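Biologist: I am new to this structure and would appreciate a short tour. May I put some questions to you as we look at it?

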Amino acid sequence: MQPFIQLTKKEIYRFMSIWIQTIVGPVTTAILYQLIFGSQLSKLPTGIAGVSYATYLIPGLIMMQVLLNSFGNGSSSLIQSKYTGNIIFVLMAPISPFLIYCAYLVSSIVRGIIVGFAVFVGIYWFGGCVPKSITSLLFFLIFGSSIAAGLGLIAGIISEKFDQLSGFQSFIIVPLIYLAGIFFNPHNFSGFWQHVAYLNPFLYIIDGFRYGFIAHSSANIEFGAIFVFCLAIVINYIGYMLIKKGIKIKH
Amino acid sequence: MHALEIKNVFKSYGTFRALNDISFNVEKGDFVGLLGVNGAGKTSLISSIAGINSFNGTIKVMGHDVISDVVQAKYNLGIVPQELAFDPFLTVYQTLKFQSGLYGVTNNKDWIDEVVERVYLKDKINSNTRSLSGGMKRRLMVAQALVHKPPLIILDEPTAGVDVEIRKSLWEFITELHNKGHTILLTTHYLEEVEKLCNKIIMIDKGNIIAKSTKAELVSQSSSLPTTVQIETSNGEFSHELEGKIILREGNLFTLKLDNSDELLPILNLLKIANVKINDIKINHPSLEDIFINYLHR
């Protein structure tokens with residue numbers, strides 16, 4: 001286990017050594033969103049009794065940064081390692097592909113959780129949002145960030161250039177996260193657009209995480225939990241297989 | 001048990017065959033030179049041993065198969081890869097500490113300090129790897145391969161870009177490790193390094209082994225290769241019978257080409273008969289480079 005622990009520690013050290021970019025940056029962005037949307041749209045009905053828009057926004061913004069940072073950690077670490085060539089030292093070391101994958105995954109989840117906590121501290125006082133279900137909150141936090149981390153690792157493995165990774169992030173991940181009910185309650189949509197909104201897998205992560213704060217979900221919470229759990233397993237299995245087969249890493 | 005066993009190894013990239021049925025063994029305590037021109041297959045072979053290349057065939061490190069028993073095989077192996085690689089987030093010390101941890105080694109500060117000193121990076125120990133020159137990065141990679149004191153050390157062009165003085169010291173350190181029982185496999189473009197250090201030599205070309213034997217055997221085979229001899233006479237006189245052998249004359253200094261070293265004695269006899277007074281004689285035996293080129297042209 002020592003090689004696994006070392007690799008995980010090194011990966012955590014990597015993002016902590018650039019904490020202004022990796023921790024303070026996301027908190028600042030979340031505060032800005034909260035200030036702008038929370039104040040300007042404060043009268044917007046959330047469709048949930050006793051829940052103001054500012055309160056509704058808080059869990060969404062926390063999870064948005066959790067997902068973006070979990071994704072960003074795995075993807076940027078892997079592509080940088082490939083670019084500077086230092087991934088060879090990990091590949092040559094006596095550590096199995098499974099533990100290599102786990103080390104990158106765990107460190108990405110840790111980054112997501114640290115950023116999530118920092119964002120919570122930064123914005124909770126805007127809407128007085130106090131967690132109501134810690135189990136639900138932790139479940140969706142861990143499995144949600146593992147989905148984003150897994151997608152980040154897959155993107156980092158298959159991307160050969162930084163612009164490919166950037167395209168993956170800008171055109172797929174960011175739109176899916178932004179349209180996953182951070183800023184709006186998908187239940188307020190009608191007909192066709194409501195169906196479209198519920199096709200977004202990230203919606204169930206944010207919805208379930210928000211349930212942990214306000215004890216109310218737009219979609220069925222049990223379905224959401226099972227879906228998020230299964231998706232986390234599938235995405236990370238694919239990621240592990242890519243590392244195991246050495247796709248775009250080994251020759 | 002061999003330190004390294006390579007049996008019927010094939011490796012292709014698409015239709016290009018980089019390794020074609022490579023088989024050889026490296027015994028414990030050997031210092032082996034792996035020679036080949038660029039693209040001969042040296043790095044493909046080393047990458048296969050390192051477990052970062054897929055291949056067909058069998059490779060064992062200290063008796064451990066690099067596919068089925070990969071973790072044990074890797075514990076016994078330290079490799080300096082040819083491509084410069086570094087972690088831009090770490091200092092020299094952190095790099096070596098992390099590298100040790102990857103091999104399950106902790107509390108090895110003394111050894112890290114010694115290795116850092118021996119690769120001349122002591123004053124850079126707390127510098128970020130980004131600030132190192134190419135030669136320093138190469139030396140850091142040598143240190144990385146040694147942190148877990150592997151029984152088998154593979155060096156793929158470890159002295160490329162390293163200046164002459166430090167290169168010499170680096171070889172002293174590697175030789176010391178060899179004397180302590182480490183087995184070394186080396187590729188380098190500096191053939192004089194191989195000539196000086198290695199006891200066995202393997203030559204590969206276009207993915208095939210073209211020669212493998214001890215250095216002594218290779219050198220003894222080279223008696224059939226052309227030798228040159230420089231003879232300085234006291235008054236510029238020379239035997240007429242030897243005119244055909246002279247390839248260069250500079251004043252009293254005559255350079256003769258011999259088909260092999262056995263011709264030398266008859267030449268000296270002819271000079272004696274011609275009453276030529278010899279001031280100095282220098283024999284230029286074929287170098288490893290000549291032997292290598294000779295094999296390449298076979």
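Biologist: Is the crossing of α5(A) and α10(A) right-handed or left-handed?

Modeller: The crossing of these two helices is right-handed. Please note that this is a predicted model.

Biologist: At what angle do the axes of α5 and α10 of chain A cross?

Modeller: Helix α5 of chain A covers residues 97-127 and helix α10 of chain A covers residues 221-245; their axes cross at roughly 130 degrees and come within 9 Å. Angles over 145 degrees count as roughly antiparallel and 65 to 115 as roughly perpendicular, so α5(A) is oblique to α10(A).

Biologist: Which residues make that contact?

Modeller: From α5(A) there are Pro97(A), Phe98(A), Ile100(A), Tyr101(A) and Leu105(A). Helix α10(A) contributes Asn236(A), Gly239(A), Tyr240(A), Ile243(A) and Lys244(A). By class, the residues of this contact divide into 7 nonpolar, 2 polar and 1 charged.

Biologist: Turning to chain B, in what order do the strands of its open sheet lie?

Modeller: The order is β6-β7-β8-β3-β9-β10, a sheet of 6 strands with mixed pairing. Its edge strands are β6 (77-80) and β10 (208-214) of chain B, each of which pairs on one side only. From one strand to the next, the twist averages 15 degrees.

Biologist: In what sense do β3 and β8 of chain B pair, parallel or antiparallel?

Modeller: Strand β3(B), residues 31-35, and strand β8(B), residues 183-187, pair in the parallel sense over 3 bridges. Within this pair, Val32(B) stands opposite Leu185(B). In general, strands of a sheet pair through backbone hydrogen bonds.

Biologist: Which strands does α10 of chain B touch?

Modeller: Helix α10(B), residues 288-296, packs on the sheet and touches β3, β9 and β10 of chain B. Its direction makes about 40 degrees with that of β9(B). Helix α1(B) lies across β3, β6, β7, β8 and β9 of chain B, and runs at about 145 degrees to β7(B).

Biologist: Now to the contact of the two chains: how many residues does each supply?

Modeller: Chain B supplies 26 residues and chain A supplies 21 residues.

Biologist: Which helices of chain B each supply at least two residues of the side that touches chain A?

Modeller: They are α1 (42-50), α2 (70-75) and α3 (92-102) of chain B. The largest share of that side, 4 residues, comes from α3(B).

Biologist: How do the residues of that side divide by class?

Modeller: On the side of chain B that touches chain A, 15 residues are nonpolar, 8 are polar and 3 are charged.

Key. Residues numbered from 1 in each chain as written. Chains lettered and ligands numbered in written order. Predicted model: local features only at pLDDT ≥ 70, side-chain atom pairs only at ≥ 80, totals over all residues. Contact = placed C-beta atoms within 7 Å. Nonpolar A, V, L, I, M, F, W, Y, C, P; charged D, E, K, R; others polar. Pairing = 2+ DSSP bridges. Axes fitted to C-alpha atoms, helices over the stretch in contact; angles between N-to-C directions. Parallel < 35°, antiparallel > 145°, perpendicular 65-115°, else oblique. Left-handed = near helix turned anticlockwise from the far one by under 90°.
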